[in-house]
Amino acid sequence: MTGSAVADLLLAVDGVTVDFDGFKALDNFSLTLQRGETRVVIGPNGAGKSTLCDTIIGRVRATDGRILFRGEDIGRLPEQQIVARGICRKFQAPGVLPNLSVADNLALAARRDRRWWKSFGFGIPVGERAMVEETLDLIGLADRRAVMAGLLAHGEKQWLEIGMVVATGAELLLLDEPTAGMGPAETSRTADLIRDLGADRAVLVIDHDMSFVDQLAASVTVMHQGRFLKQGSVAEVRADPEVAAVYLGHAA
Ligand SMILES: Nc1ncnc2c1ncn2[C@@H]1O[C@H](COP(=O)(O)OP(=O)(O)OP(=O)(O)O)[C@@H](O)[C@H]1O
């Protein structure tokens, strides 16, 4: 590996096993992500995709193996410290605050001082305000900034939540089924948004929707029974008979 490739290595999941009382939800699983890379993780139900995200964010502990973020072993850190290091996860269900405006939801996410209730009434610091403006443009909701988040359409709520992950300043974004419940037009806009998330971050996406995965045009990792099965382009993965047997066969 060249020096710059090492410098750009953001995440290394290295031989991780998660053993739930003898059942291996992850089994010697490895994956690396460079800065600027988007990776989609697919696999049939129970393949271990959520457990992978849970383990990266510190909700589940690896029984074996290491998780390195920017070279630091984060495998034993509590979740808040992992988030403070620059990893943020968006869950499938939207988690926006419905009675706050779009801009205020982003402002909360952008807060460096997490004791936001102490300072929320005293205005938003300049750097955080800039982050809110940047994120509003990125997620295409600038003209909806004053709308209460609870009044947004389903797709808009999902984009706001992706924006909230971005506004934390995280370098590694974990997106769990960002297109859940969306129609084709919203799905396609979500693919555009994720592609736009920028060269400075890394994005790990879990999704079942192959048309969305196609549109993302990102590298795909296929998991099966907690193990790495294949990695390649969507076309390579689609053409792979082993993948067809374990994943596409189930999905059809
Ligand atoms: N806390 C737990 N205790 C025991 N088994 C668990 C636990 N969490 C997950 N598992 C099991 O580990 C396996 C992997 O689950 P996981 O949710 O990571 O799969 P997944 O690929 O995300 O599946 P899906 O696509 O259905 O969400 C499953 O068989 C699941 O039942």
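**Ground rules.** I am working with a predicted model, where local features need pLDDT of at least 70, side-chain atom pairs count only at pLDDT 80 or more, and totals for chains, interfaces and linings use all residues. Residues are numbered from 1 along each chain as its sequence is written.

**The first two strands.** I noted that helices (H or I, at least four residues) and strands (E, at least two) are DSSP runs, numbered from the N terminus. S1 (residues 9–20) and S2 run antiparallel, joined by eight bridges; strands pair if DSSP finds at least two bridges between them. I then checked the turn: two residues lie between S1 and S2 in this hairpin, and Asp21 there has a positive phi of about 50°.

**Around the ligand.** The shell includes Phe20, Phe23, Lys49, Ser50 and Thr51. H2 (49–57) and S2 (23–34) each supply at least two shell residues, and H2 gives the largest share, three. By type I found four nonpolar, six polar and one charged. Here Ala, Val, Leu, Ile, Met, Phe, Trp, Tyr, Cys and Pro count as nonpolar, Asp, Glu, Lys and Arg as charged, and the others, Gly among them, as polar.

**Thr168.** I found Thr168 in the loop between H6 (154–167) and S7 (172–176). Is Thr168 buried or exposed? Thr168 is buried, because 21 other C-beta atoms lie within 10 Å; the cut-offs are 20 or more for buried, 12 or fewer for exposed, and partly exposed in between, with C-beta atoms placed from the backbone.

Note on methods
A residue is near a molecule or strand if its C-beta atom, placed from the backbone, lies within 6 Å of it.
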